[in-house]
Amino acid sequence: MLLKYDVLTQEQVKLIHDETMKILEEIGMDFEYEPALEVFRAEGLKVEGNRVHFTREFIEAKVKLAPSQFTLHARNPEHNLVCGGDNIIYMPGYGAPFIHDVNGNRRKTTMQDYDNFVKLAGASKNLHMTGGTVAEPQDIPDEIRHVKMLYSSIKNSDKCFMGSAEGRERAEDSIEIASILFGGKDVIKEKPVLVSLINSLTPLKYDERMLGAMMAYAKAGQAVVIASLVMAGSTGPAALAGTLALQNAEVLAGIALAQSVNPGTPVVYGSTSALSDMHSGGLSIGSPECALFISPSAQLARFYGVPSRSGGGLNDSKIVDAQAGYESMMTLMAASGTGINFVLHTAGILQYFMAMSYEKFMMDDEMAGMLLHYMKGFTFDEEGMAYDVIAKVGPGGHYLTQKHTRKNHKREFRTVQLSDRSAFESWSKEKLDTNQRANRKWQDVLANYVPPALDETINQKLLDYIAKKA
Amino acid sequence: MSELFAELKQAVIDGDEDIVSESSQKVIDQGINPVDAVQLGLIKGIEVIGEAWKAGEAFLPDVMMSAEAMKVGLGLLEPEIAKLGMSEGESKGKIVLGTVEGDIHDIGKNITGAMFTAAGYKVFDLGTNIKAEDFVSKAQEVGADIIGASALLTTTMVGQKQLVDYLKEHNLRDKFKVFVGGGPTSQLWAEEIGADGWAETADEAVELAGRILAR
């Protein structure tokens, strides 16, 4: 395993923590959900209207209750995931309302897209879970969208997936559906199977929708990513350190609520803070500022003893081009190299979370594979040092006909999936760029993918539950 | 007198609410023509910033702070103009803005409001979580040309359709132009719900308003 790098010193982490405590104590935060306010009142905090004033003691004590790592269970136990420690979990993009196609045209996302991305993630060797709202199915009525998405996630792959964060009722539906799949609420309370994305409403607010979902999941013992996306310059100060403190305040207050509802609730410290472009006001995630925020999120999470979420294949480009590639590699590498555990948005994102792209998905999948290999670092065993074969070949000669080579290259080297390493002549027959190669590749993967079988009794129960909702 | 107008102009350019407020108060106290203060002071200032924005020299905070400063000045001078029974002069148009019911995201809407102000429109910002009927009653009250409805979520976009439907139901559809915008919206969506205009950015919305109102 490769050594991780930090961008903040321990003193700077402590400084951010102290600033955060000042924000939470002196300014406080708004929680627009009565049941959350009741929890804080019962904990003896000062609550005025929706404003909650925290104390350092309260926050520090509650954050300590969160586990440093937890196992997320999949319907195929081979795909169970440990979130925390040195582990990294890659998964597709989340929540995009549009698809950008290979020619740079935009259209609304559909259920078919949702199914397709789950299948592509299911087929991937590099993506560990299939994620959540991999594409907003806008052809499905809002009231049943969440159950349709959950069913697709279950049916089309046996990897871990996410629950709905669209308010208490939809979270409860997600819990019911997971209970059907895993054999009851008691079972999943012991072994969490869902992880859901709870976002603050920066600056310093949480809304009813997110709080309702968070509290439902906490009660059911399911994991939540508590995330803040500060847009420095618009929803946060035009100052990177201050933005970190603001982000940290929001995330810690969320973690403290989850722990107050149910001590020991598995939480992930989440953030993808970035900036507002000062010409357009738009979010920019393919930026050095966004990349800089990633390591501090990992460091702060380690400081608090919880797993972290950040980064991804983040970029502001509209099509699979050089910008999409270099920006995404910067942010995905920053997440992978600094010890982030849960990487939402690893694959498929274009234009600051606004769009998913099949071609981008395949390119990001390749980058994820490259980084997984990169993070393995060097192997220092006897085979890895390879002294015997160095002695055997001696000066001159070559290694291509050595048994050691034939045996070891598959471990030491990674085979490319999408990149073109051919020589000029063979490349020049079609002159395909990454975008065009990826376009062929995803269609090929989809055509050959066979979803893992799902027990017919469970399948029927799931369908019955969904039919009741419609 | 012209010194005071120059002061107002510069204060708007600098986005300095305090000086705009002080100078506007001086205009009132000294019995200077408030219409001139608006036309030769505040509006001249916002024009400078508007041009600088178009030239790519001004940044978003410059424009937004100038728009805020302008609003402070108008807040003081407009009641005076009304009291004297004078007319403020023609604005390019009036726009009522808000984020639709169930949605509390407002950064994009705020930027759009500032851009319209900088372009010489009168903006009435209702805030967030606004019902169709509240958009419409404000638009009727101020005699708006455009109603602009923002939505950031795929689940709240329907509020934009409800606004168009509400206008139709009350036989008011031809009274106002309806603009929609926000992350998940698109030209196709605008056409689907029968809105008059859609833009992806605030700049494009201002341009679109110019074209549509010129018709």
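This is a predicted model: local features need pLDDT of at least 70, side-chain atom pairs count only at pLDDT 80 or more; totals for chains, interfaces and linings use all residues.
**Chain B: overall form**

The secondary structure of chain B consists of nine helices and five strands. Read from the N terminus, its elements follow the order α-α-α-α-β-α-β-α-β-α-β-α-β-α. Along the principal axes, the C-alpha atoms of chain B occupy a box of roughly 55 × 40 × 30 Å. The radius of gyration of chain B is 18 Å, which agrees with the value near 17 Å that a compact globule of 215 residues would have.

**Chain B: the sheet and its helices**

Five strands of chain B form an open sheet with parallel pairing, in the order β2-β1-β3-β4-β5. At the edges stand β2 (122-125) and β5 (197-198) of chain B, each of which pairs on one side only. Strand β4 (residues 177-181) of chain B runs parallel to β5(B), and two bridges join them. Within this pairing, F179(B) has G197(B) of β5(B) as its bridge partner.

Helices also pack against this sheet. Helix α7 (residues 158-169) of chain B touches β3 (146-150) and β4 of chain B, and its direction makes about 155° with that of β3(B). Helix α9 (residues 202-214) of chain B lies across β3, β4 and β5 of chain B, and runs at about 160° to β4(B).

**Chain A: a mixed sheet**

In chain A, an open sheet of four strands has the order β8-β7-β20-β19, with mixed pairing. The edge strands β8 (106-108) and β19 (349-350) of chain A each have a single partner strand, so one side of each is left without a neighbour in the sheet. The partner of β19(A) is strand β20 (residues 355-356) of chain A; the two pair in the antiparallel sense over two bridges. Here I349(A) stands opposite M356(A) in β20(A).

| Helix pair | Angle between helices | Distance between axes |
|---|---|---|
| α4 (residues 111-123) and α5 (residues 142-155) of chain A | about 30° | 9 Å |
| α1 (residues 10-27) and α9 (residues 240-261) of chain A | about 65° | 8 Å |

Helices α4(A) and α5(A) pack at an angle of about 30°. That angle makes α4(A) roughly parallel to α5(A), and α4(A) passes α5(A) in a right-handed crossing. From α4(A), the contact takes M111(A), Y114(A), D115(A) and V118(A), while α5(A) supplies K148(A), M149(A), S152(A) and S153(A). By class, four residues of the contact of α4(A) with α5(A) are nonpolar, two are polar and two are charged.

In the other pair, α1(A) passes α9(A) in a right-handed crossing. On the α1(A) side, I16(A), E19(A), T20(A), I23(A) and L24(A) take part; they meet L244(A), A245(A), L246(A), N248(A), A249(A), L252(A) and A253(A) of α9(A). The contact of α1(A) with α9(A) comprises nine nonpolar residues, two polar residues and one charged residue.

**The contact between the chains**

Chain A gives 13 residues to the contact with chain B, and chain B gives 11. On the side of chain B that touches chain A, the elements giving two or more residues are α4 (60-83) and α5 (107-118) of chain B. Seven residues of that side of chain B are nonpolar and four are polar, with no charged residues.

Conventions. Residues are numbered from 1 along each chain as its sequence is written. Chains are lettered from A and ligands numbered from 1 in the order in which they are written. Two residues are in contact if their C-beta atoms, placed from the backbone, lie within 7 Å. Ala, Val, Leu, Ile, Met, Phe, Trp, Tyr, Cys and Pro count as nonpolar, Asp, Glu, Lys and Arg as charged, and the others, Gly among them, as polar. Axes are lines fitted to C-alpha atoms, for helices over the stretch in contact, and angles run from 0 to 180 degrees between N-to-C directions. Angles under 35 degrees count as roughly parallel, over 145 as roughly antiparallel, 65 to 115 as roughly perpendicular and the rest as oblique. A crossing is left-handed if the near helix is turned anticlockwise from the far one by less than a right angle, and right-handed if clockwise. Two strands pair if DSSP finds at least two bridges between them. The radius of gyration is taken over C-alpha atoms; the globule rule is 2.2 Å times the number of residues to the power 0.38.
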